[in-house]
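The entries follow the order in which I looked things up.

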Amino acid sequence: MDGAAIIEQLMTTEVRTDPYPLYAKARELGPVAPAGDGMFVVSGYAAVKKVLRTPAFGVATAEMTEYAAHSSLALLGRSILQRNAPDQPRVRSLIASVFTARRVAALRPAVEAAVGRLLDGMAEQGADGSSVDFMDAFAFRLPVGVICELLGVPEQDRYRFRGLTSDLTVALEIMQDLDGLAAADEAADELAGYFTELAAERLARPQDDLVTDLARIAAADDERLSARELLANLVLLLVAGFETTTNLLGNGLALLFRHPEAAAGLRRGTITPAGFTDEVLRFDAPVQATGRVALEPGLVVEGLPIPPGSGLTLLIGSANHDPARYERPEVFDPTRTDSQPLSFGGGTHFCLGSQLARLEAEVAVPALLDRLPRLAPGGVPTRRDRLVLRGYETLPVTVR
Ligand code: HEM
């Protein structure tokens, strides 16, 4: 199997169900391998990390593609996730200035309260022994509630976002063609319309939230933050803020069911919530892949020259299972130290929400074990047919 076949296989349902055997084949080709047509597939830990941390490997921007016809791609394409310097650092620093560590830390009591409320809801829903869908009842509701609290999205609007962002994030997948984007485009238009109205409302009646802060910056100086950039990045914060964390919680609970010894260790205190979260992030990363483009000549990765204009598929999920970096990578071991999985990316695009995502998981995991001590699988879970954003569609549990 060559690099091109690896990329092709990534788009099959079989591989999306379990991509790890294919990743092992990719690593056999070397940590970085040609994939035909100016493409490379990067599967080794050191190689993925190096590409992420080398600014001369940028992201593919809307100007480099013919995507403008799709509003989903155009919208995400104006967010920092898909911009290079000078736009990305300019806008990222504005977002970072309002999305501060202090604001995140201050959310802890609200996260604890939300976790408690949602677990009470699950206990009630499953009190008669019937199964409860963990993805809907908890894994989706916690992060959507938290990010909406930060952004300032009113409570009554929150629950409709699950379908909308699920539709929109198809635009982040590795795609063979762009035919399947109709629902993503509709979702992009609806979300952009929603945040246009919310930003106007907050300018008129300011609150202590991110929409107010960012809308004020944009209203004061279009050069610092244009109206289009404001919208794109508000949508990005919403989407990046919960779909990934939803999958972290779902993937984490599925692993907890498969490893009762980890649950016992968490109860005894020999495994910390932070260690458990780190190993879930490594073992079954919510974001499995990303892409980069060589922006300059003379780039070399692990001895392989990468010509300018080349496209690179970075297999984060593979890097996290690289035996050159991890001892027994296929073993789920929450007692690992110095794990540093690449699950939040690296370099200039390193995830802005990693502290928030960790906070949510580290509060949720012990609370789940404590409040629902009889939590058990309640049926066959279903996976989402996605590669990049890896997670469950449904994860039935019983609580009694
Ligand atoms: C488990 C949860 C999460 C995972 C696994 C995750 C993963 C990632 C990854 C891999 C990237 C880099 C993509 C690339 O380099 O191409 C990224 C970027 C980003 N993430 Fe997260 N994320 C998570 C949660 C969050 C949360 C809670 C937020 C916000 C509230 C957030 C906001 C962002 C933003 C704004 C970026 C773009 C940064 C930039 O381009 O400069 N993420 N995330």
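**Basis.** I note that this is a predicted model, in which local features need pLDDT of at least 70 and side-chain atom pairs count only at pLDDT 80 or more, while totals for chains, interfaces and linings use all residues. Residues are numbered from 1 along each chain as its sequence is written, and side-chain values use heavy atoms, with hydrogens and water left out.

I located Cys-351 in the loop between helix H17 (316–319) and helix H18 (354–371). Helices (H or I, at least four residues) and strands (E, at least two) are DSSP runs, numbered from the N terminus.

**Ligand shell.** I found 26 residues around the ligand, the closest being Arg-92, Thr-290, Arg-292, His-349 and Cys-351; a residue is near if one of its heavy atoms lies within 4 Å. Helix H6 (87–98), H14, strand E5 (289–294) and H18 each supply at least two residues of this shell, and H14 gives the largest share, six residues. By class I recorded 14 nonpolar, 10 polar and two charged residues in the shell. In this classification Ala, Val, Leu, Ile, Met, Phe, Trp, Tyr, Cys and Pro count as nonpolar, Asp, Glu, Lys and Arg as charged, and the others, Gly among them, as polar.

**Packing on H18.** Which residues make the contact between H14 and H18? I first noted that the axes of H14 (residues 227–258) and H18 come within 10 Å and cross at roughly 35°. Axes are lines fitted to C-alpha atoms, for helices over the stretch in contact, and angles run from 0 to 180 degrees between N-to-C directions. The contact (heavy atoms within 4.5 Å) is made by Thr-245, Leu-248, Leu-249, Leu-253 and Leu-256 of H14 and Ala-357, Glu-360, Ala-361, Ala-364, Leu-368 and Leu-369 of H18. By class it has nine nonpolar, one polar and one charged residues.

Helix H8 (residues 108–125) also packs against H18, at about 35° with the axes 10 Å apart. I counted nine nonpolar, no polar and five charged residues in the contact of H8 with H18.

**Arg-336.** I placed Arg-336 in the loop between H17 and H18. The side chains of Arg-336 and Glu-279 are joined by a polar contact of 3.0 Å. A polar side-chain atom of Arg-336 also lies 2.9 Å from the backbone oxygen of Glu-327.

**Backbone.** I found a cis peptide bond between Ala-85 and Pro-86, with omega about 5°; Pro-86 lies in the loop between helix H5 (71–77) and H6. Glu-302 has a positive phi, near 50°, and is found in the loop between strand E6 (299–301) and strand E7 (304–306). Most residues other than glycine have a negative phi, and most peptide bonds are trans.

Terms used. Polar contact = N/O pair within 3.5 Å; in protein donor to acceptor, adjacent residues only side chain to side chain.
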